[in-house]
Each structure stands twice: as C-alpha cells, then as structure tokens.
Amino acid sequence: MVLITRKIEFSASHLYHNPAFSAEENRRVFGKCNNPHGHGHNYTLEVTVAGDPDPVTGTVLDLKELKDLLEREVMQRMDHRFLNYEVAELKGQIPTCENIARLIWELLDPKIKKGRLHRVRLYESADLFADCYRNGAAG
Amino acid sequence: MGVRVELGRRYQFAASHRLHTDRLSEEENARVFGKCANPFGHGHNYILEVSVSGDVDRATGMVANLADLDNFVEREVIEVFDHHSMNEDVAAFRDVVPTTENLCIEIFERLKNFPTAKLERVRVQETSNNSFEYAGENGRERL
C-alpha cells in the first residue's frame with residue numbers, strides 16, 4: 001500500500017457562537033472566536049489516499065481527478081466564504097477545525113473510487129490542526 | 001463505519017541535552033553519540049505536536065477545549081523543559097539518556113492523563129531534519 005497526499009489552500013471566515021449559551025458562556029468557551037463579525041484563516045488541507053499502484057500506470061489514482069474533486073467539493077464550497085452563513089452543511093454546527101475537517105471527510109470519502117481515503121488533515125494555522133481517520137483504522 | 005476526529009496542536013520549547021551514559025566507556029560514548037556527547041551539552045528548538053481524540057462536542061464543535069489542552073501541556077511539559085537542561089533539571093533523565101526517542105516517551109507519559117480527551121500520540125521534532133513519534137506502549141496501530 002502507498003499513501004498519496006494532495007495539498008490545497010483556501011481562505012475563509014468564521015465565528016464560534018452557540019445560541020443555546022448565554023453571552024457570557026459564549027465568551028468564556030469561545031473567547032475571541034466569539035467576536036460577532038467573525039474572523040478568517042488561511043486553511044491548508046492535506047488529503048491522503050491509500051492504495052496499490054496500478055501495475056500498468058504506476059499510479060494509485062489520477063491526481064488530476066483528485067485535484068478536480070477538491071476544487072469541486074472544497075474550493076467552490078469554502079474558499080472566500082463565511083463558513084457559518086455560506087456552507088449549508090455546517091448549519092447548526094460550530095465551524096471548528098474538527099467540524100470542517102469531518103465535513104470534508106464526509107464529502108470526499110464516498111467520491112474517492114480509486115484507492116481509499118486514509119486521512120484528512122486540516123490546518124487552521126501552523127499550530128492548530130484536525131485529523132480525520134476511518135474509525136477503527138490505523139492512525 | 002464512522003470517522004475518528006483528532007485535534008492536533010503544536011508547541012515549541014528550547015532545551016539542552018547531552019547524550020552520554022556512564023554504562024559506556026568515554027570512547028564508546030564518543031563513538032555512539034558523536035558530537036552529542038560533548039561534555040557541556042548543546043540545545044535545540046524542539047517542536048512538539050500533540051494529538052488527542054474524542055467525540056466532537058455538539059455544543060462547542062470541539063474534541064477538547066484548546067485552553068484546557070494548552071494549560072495542561074504548559075504545566076506538564078513546557079514549564080518542565082523550556083529553557084532547561086534535560087540532564088540536570090528533569091528527574092526522568094537522571095539515569096536515562098535524553099535522546100529524542102526517550103523525550104517522546106517521557107512527554108507521552110506526562111500527557112497521557114489529559115482529562116477531557118484521549119491522548120493519541122506525540123511527535124517531537126528535534127531539528128527540521130529529525131522527528132520522532134510515540135503513541136504509548138500499545139500504540140503501534142496509532143502511528
């Protein structure tokens with residue numbers, strides 16, 4: 001098995017606010033991330049697919065297809081968007097790195113036909129990231 | 001089959017060490033550890049990556065509250081190692097060579113009781129060319 005990783009970057013804004021919390025609770029739990037008009041990040045996404053290279057082409061998958069998939073599912077949905085208001089799948093969720101990474105996993109996993117999605121890593125900054133793996137699979 | 005979500009956080013600290021053991025002769029120490037056995041030690045800017053897993057809390061969207069994790073790592077690791085000599089200042093390395101392999105294990109042991117999420121693994125980068133990972137005694141499948 002070989003792992004192949006494709007990286008993309010996108011920029012988006014978000015804010016953390018739970019309407020079930022009081023204003024004080026929101027401030028205590030989410031800190032500056034609760035500022036009402038939001039803020040943004042340059043996100044870096046690394047998508048890793050596992051598979052055996054095809055004996056004829058020597059490739060696990062067509063990288064162009066993966067690139068197009070990431071463009072369609074991630075870039076068009078999230079790049080230069082306000083995640084709370086413009087990404088329907090995140091409605092009712094706090095758009096944390098964990099939740100965005102999980103959404104990306106759920107968007108990509110059924111659409112990767114050659115090889116198998118192994119890991120989604122989403123960096124919100126160089127010091128903060130979330131990883132998604134298939135449950136029960138090796139990290 | 002669901003998805004496992006991990007939160008990863010990066011920290012930095014600067015510390016010195018000397019790779020040397022009394023169980024080897026001076027010649028053997030020099031042969032095994034090279035420059036790292038120089039008598040007064042040397043230092044690195046270490047980068048530590050900590051990964052924890054757990055359910056994503058529906059109310060907060062988080063696996064773990066970042067401030068809780070930061071405070072825990074600060075107390076258990078950063079305060080202990082940052083701007084210290086591992087050989088002289090950290091009890092665990094009194095009789096254990098402070099290689100980055102052993103440092104990984106020591107940091108994992110210090111962090112494994114983080115109360116609100118499960119410690120999956122630690123990764124320590126000694127320089128931009130060397131990094132080490134540890135996921136606990138039975139952690140082979142989490143690497």
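# Reading helix packing, ring pairs and cores

Analyst: Welcome! Let's start with two helices of chain A: helix 2 (residues 63-78) and helix 4 (residues 97-108) pack at an angle of about 140 degrees, and their axes are 10 Å apart. Keep in mind that this is a predicted model.

User: How should I read a packing like that, and which residues make the contact between helix 2 of chain A and helix 4 of chain A?

Analyst: In general, two packed helices are described by the angle between their axes and the distance between the axes. Here, helix 2 of chain A passes helix 4 of chain A in a right-handed crossing. Helix 2 of chain A brings A:Leu69, A:Leu70, A:Glu73, A:Val74, A:Arg77 and A:Met78 to the contact, while helix 4 of chain A brings A:Ile100, A:Leu103, A:Ile104, A:Leu107 and A:Leu108. By kind, the residues of this contact divide into 9 nonpolar, no polar and 2 charged.

User: Thanks! Now the aromatic rings: how many aromatic pairs does the structure hold?

Analyst: A pair of aromatic rings is described by the distance of the centres and the angle of the planes. Over all chains, the structure holds 9 aromatic pairs. One of them joins A:Phe21 and A:Phe30, at 6.1 Å centre to centre with 25 degrees between the planes, and it is stacked. The label applies because planes under 30 degrees apart count as stacked. Together with A:Tyr16, A:Phe21 and A:Phe30 form one aromatic cluster.

User: Are A:Phe21 and A:Phe30 buried or exposed?

Analyst: A:Phe21 counts as buried at 18% relative accessibility, and A:Phe30 is buried with a relative accessible area of 5%. For another pair, look at chain B: B:Phe13 and B:Phe81 are tilted, 5.8 Å centre to centre and 35 degrees between the planes. This pair links distant parts of the chain, 68 residues apart: B:Phe13 sits in strand 1 (residues 3-17) of chain B and B:Phe81 in helix 2 (residues 66-81) of chain B. B:Phe13 is buried, at 3% relative accessible area, and B:Phe81 is buried at 1% relative accessibility.

User: Which residues touch the most other members of the largest nonpolar core?

Analyst: That core has 66 residues, and A:Leu45, B:Phe13, B:Leu48, B:Val52 and B:Ile107 touch the most other members. Helix 4 of chain A gives the most to this core, with 8 residues. Leaving aside residues up to four places away in sequence, B:Ile107 touches B:Phe13, B:Leu48, B:Val77, B:Phe81, B:Val122 and B:Val124.

User: What does the second, separate core include?

Analyst: This core of 6 residues includes A:Tyr16, A:Phe21, A:Ile94 and B:Met62.

How values were computed: Residues are numbered from 1 along each chain as its sequence is written. Chains are lettered from A and ligands numbered from 1 in the order in which they are written. This is a predicted model: local features need pLDDT of at least 70, side-chain atom pairs count only at pLDDT 80 or more; totals for chains, interfaces and linings use all residues. Side-chain values use heavy atoms; hydrogens and water are left out. Rings of Phe, Tyr and Trp (its six-membered ring) pair if their centres lie within 6.5 Å; planes under 30 degrees apart count as stacked, over 60 as edge-to-face and the rest as tilted. Buried means under 20% relative accessible area, exposed over 50%, partly exposed in between (1.4 Å probe, protein chains only). Helices (H or I, at least four residues) and strands (E, at least two) are DSSP runs, numbered from the N terminus. Axes are lines fitted to C-alpha atoms, for helices over the stretch in contact, and angles run from 0 to 180 degrees between N-to-C directions. A crossing is left-handed if the near helix is turned anticlockwise from the far one by less than a right angle, and right-handed if clockwise. Contact means heavy atoms within 4.5 Å. Ala, Val, Leu, Ile, Met, Phe, Trp, Tyr, Cys and Pro count as nonpolar, Asp, Glu, Lys and Arg as charged, and the others, Gly among them, as polar. A nonpolar core is a set of buried Ala, Val, Leu, Ile, Met, Phe, Trp, Tyr and Cys residues joined through side-chain atoms within 4.5 Å.
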